[in-house]
Amino acid sequence: MEQSIYFDNAATSWPKPEETYIAIDHFNRSIGGSPGRSGHRVSIESGRVIMNARESLAQLFNIDDPFQIVFTKNATEALNLAIFGLLLPGDHVITSSMEHNSVMRPLRVLESQGVELSIVRCSPQGYLDPDDLPALIRENTKAVVLTHASNVTGTIMPIKEVGDIIRGRGLILCVDAAQTAGALPIDVSDMNIDLLAFTGHKSLFGSQGTGGIYIRKGLEERIRSLMVGGTGSRSEFEIQPDFMPDKYESGTLNTSGLAGLGAGGEYILKKGIDHIRDKEILMTQHFLDGLKSISGVHIYGPGDASRQISVVSFNLNGMTPSEISFTLDEHYGIMSRPGLHCAPSAHRTIGTFPGGTVRFSFGYFNTEEQISYALGAVQQISRDQKK
Amino acid sequence: MTEMEKYHVILFDSVHHALRSEKILKGMGIPHKLIPVPRHISSDCGVCLRFTIDLRNKIEDALNGKVDIYEIRPL
């Protein structure tokens, strides 16, 4: 076995652009220093690294003020901040049945503490029908928490349509962009997004341990800090600062990781998100078309690359997802992810709970040749299975 | 006028704000310098932005709506 093909980009993208590696190495080797903690040159330079990351992401998501971005260690922490920081007992919140546990688990905790929860049932392909929303809105509805695209089926959610529906009703739209930041165009203004949680280690080409959340200006007054401590600012006070981003950024940040995230963001801006998306659509459609011609394969989700991100879930008759995934790795050098993908509700929605699916997720650095090779591998596994 | 009297400083909520201001002013070619906040002004550990007083209006215009200023005062 010569090949080693990484198709688990929805978990963590790999490889990263050369620029990401260089930025991380440069920070650790030549800068060091704590950002925002002193006036000496490496502390200042460290602060500039974080500023650059904030600015490149602000540009990518069309955010006017980079200080409305708070850095966290991942999308999970960002979503916890949004959900636990915002919702109080007696509030009502709406979400979809396609959510990842990073949304579902915080909401279930709050449900046990008196927050009312409504879950919009999505179609077996993972689609949310925006027309299902108005009937669910109550007097005490505070927010809609919605994934931008499913990590199981890749299904892209109608965020803008949902934003249009809830705009003017005073509801807060919180979007989980873990799978889409860096992969799909996101414009927080055009899409009426109030809270945008993202992670750095997937399509934004940063390293693990980076992520963040955009908070619409003014909304910080309604979101509690989950963690307080040293910020390098207002040090004479023992009360947490109330201004952005310090209100939510206590303790030294992962500056080396954020150096990489900033470089990843700049790389995407340079390449153009449409170019990245186009390449991923071609690879995804190639894979979907090939899979459809293999007997015994069941594809979940839209089955149409223009309506999903570069994530494809499938099963093969007579085999469990873990057997397929193991065979792909062991005999063909192809790395995929079997199981429930931390999203039991999504698997219930598409009818694959508790068995799960095999998930292939492509990244910008995968190639058409790798897709062809993988299709050959799935074809062969299907044939062997029938013997 | 003594050397000190030529200067004003801008104090910010945090170092993040100072660095963003620095970048904006650099981009516009307006002379300035980031310096540690002098002890006689604040006990905080951050940095402030020093400029010559003749540039005050220009700098305030440049940062208006982009970065919140905590205070502008003589050095």
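1. Basis of the values. The model is predicted, with local features requiring pLDDT of at least 70 and side-chain atom pairs counting only at pLDDT 80 or more, whereas totals for chains, interfaces and linings use all residues. Residues are numbered from 1 along each chain as its sequence is written, chains are lettered from A and ligands numbered from 1 in the order in which they are written, and side-chain values use heavy atoms, with hydrogens and water left out.

2. Helix α2 of chain B. Helices (H or I, at least four residues) and strands (E, at least two) are DSSP runs, numbered from the N terminus. In α2(B), residues 56–63, the buried residues are I59(B), A62(B) and L63(B); buried means under 20% relative accessible area, exposed over 50%, and partly exposed in between (1.4 Å probe, protein chains only). These residues lie on the same side of α2(B), because they cover an arc of only 90° around the axis, the arc being that of the directions from the helix axis to the C-beta atoms.

3. Exposed residues N57(B) and D61(B) sit on the face turned away from the buried side. Just after the helix, G65(B) adopts a positive phi of about 80°.

4. Salt bridges overall. Over all chains, the structure holds 19 salt bridges, each defined as a side-chain nitrogen of Lys or Arg within 4 Å of a carboxyl oxygen of Asp or Glu.

5. E22(B) and R48(A). This salt bridge has its closest N and O atoms 2.6 Å apart. It joins two chains, because E22(B) lies in helix α1 of chain B and R48(A) in helix α2 (residues 41–60) of chain A. E22(B) is buried at 7% relative accessibility, while R48(A) is partly exposed at 22%.

6. R234(A) and D13(B). The side chains of these residues form a salt bridge of 2.3 Å, N to O. The pair crosses between chains, from the loop between β8 (211–215) and α6 (255–271) of chain A to the loop between β1 and α1 of chain B. Both R234(A) and D13(B) are buried.

7. D190(A) and K160(A). The closest N and O atoms of this salt bridge are 3.5 Å apart. D190(A) lies in the loop between β6 (172–176) and β7 (195–199) of chain A and K160(A) in helix α5 (residues 159–166) of chain A, so the pair ties together parts that are 30 residues apart in sequence. D190(A) is partly exposed at 41% relative accessibility, and K160(A) is partly exposed at 33%.
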